[in-house]
Amino acid sequence: MELTEIQRKFVVHWGEMGSMWGVNRTVSQIHALLFAHGKPMHAEELSETLGVARSNISNSLKELQAWNLVRITHILGDRRDYFETSVDVWELFRTVVRERKEREFDPTIRVLRELVSSPDFQKEPADAQDRIRSTMELMDKLATWADEMLRLSPGTLDKVLTLGASVQKFVRGDAAPAAPTGKGEDPDAHHASLPMI
């Protein structure tokens with residue numbers, strides 16, 4: 001498959017971005033290609049398009065499947081495995097958040113809870129106890145927040161993110177409403193500019 005210049009730039013950048021997040025470049029590029037193409041592709045086609053060894057493609061596809069970002073599908077009359085990803089950005093976002101939470105946050109929270117509940121924890125200096133305990137509390141709050149966000153529909157999640165950006169601007173004073181100037185003005189009228197869920 002011949003990539004357009006737009007597709008090529010997207011795939012290359014996605015690979016670079018993935019590397020910054022600790023994800024193998026080829027894994028990220030395969031995911032970007034499947035997402036941009038929007039149709040199932042077989043391993044040979046992925047290999048030819050990306051100019052990557054077939055063995056690298058196979059290993060990368062296994063990793064993407066382990067992250068639930070790629071699934072196998074079949075085409076009538078073709079015995080090869082084809083691979084596809086969701087083309088819904090919200091579904092992909094939710095999958096990445098859920099997988100990272102399960103792999104990174106949840107184990108860290110378990111270890112922090114074990115540390116805090118250990119009898120030896122009380123032997124640590126008070127300031128060290130405070131730092132470990134506050135880290136556990138922050139991780140707990142972030143995990144709870146992530147769980148709540150994952151329960152929302154994509155439409156509601158979009159509204160929450162938009163509302164959050166508006167609230168941040170308002171709190172910083174970037175979008176501070178003008179003060180009421182007098183007669184007939186509703187002092188709460190500025191709230192109408194904030195998007196509601």
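**Close-up views of a predicted model**

**View 1. E99 and R103 pair within helix α5.** Being four residues apart in helix α5 (residues 89-117), E99 and R103 are separated by about one helical turn. They form a salt bridge, with the closest N and O atoms 3.4 Å apart. A salt bridge here is a side-chain nitrogen of Lys or Arg within 4 Å of a carboxyl oxygen of Asp or Glu. E99 counts as buried, at 6% relative accessibility. R103 counts as partly exposed, at 37%. Buried means under 20% relative accessible area, exposed over 50%, and partly exposed in between (1.4 Å probe, protein chains only). This is a predicted model: local features need pLDDT of at least 70, side-chain atom pairs count only at pLDDT 80 or more, and totals for chains, interfaces and linings use all residues. Residues are numbered from 1 along each chain as its sequence is written, and side-chain values use heavy atoms, leaving out hydrogens and water.

**View 2. E44 and R54 form a salt bridge.** Their closest N and O atoms are 3.5 Å apart. The pair links distant parts of the chain: E44 lies in helix α3 and R54 in helix α4 (residues 54-66), ten residues apart. Helices (H or I, at least four residues) and strands (E, at least two) are DSSP runs, numbered from the N terminus. E44 counts as partly exposed, at 31% relative accessibility. R54 also counts as partly exposed, at 37%.

**View 3. D120 and K123 form a salt bridge.** The closest N and O atoms are 3.1 Å apart. D120 is partly exposed, with a relative accessible area of 46%. K123 is exposed, at 68%. A search of the whole structure finds 13 salt bridges.

**View 4. Helix α1 has buried residues along one face.** The buried residues of α1 are V11, G15, M17 and G18. Seen down the axis of α1, they fall within an arc of 165 degrees, so they line one face of the helix. The arc is that of the directions from the helix axis to the C-beta atoms. These residues pack against α2 (25-37) and α3 (43-50). On the other side of α1, I6, K9 and M20 are exposed. Just after α1, G22 takes a positive phi of about 85 degrees.

Key:
Contact means heavy atoms within 4.5 Å.
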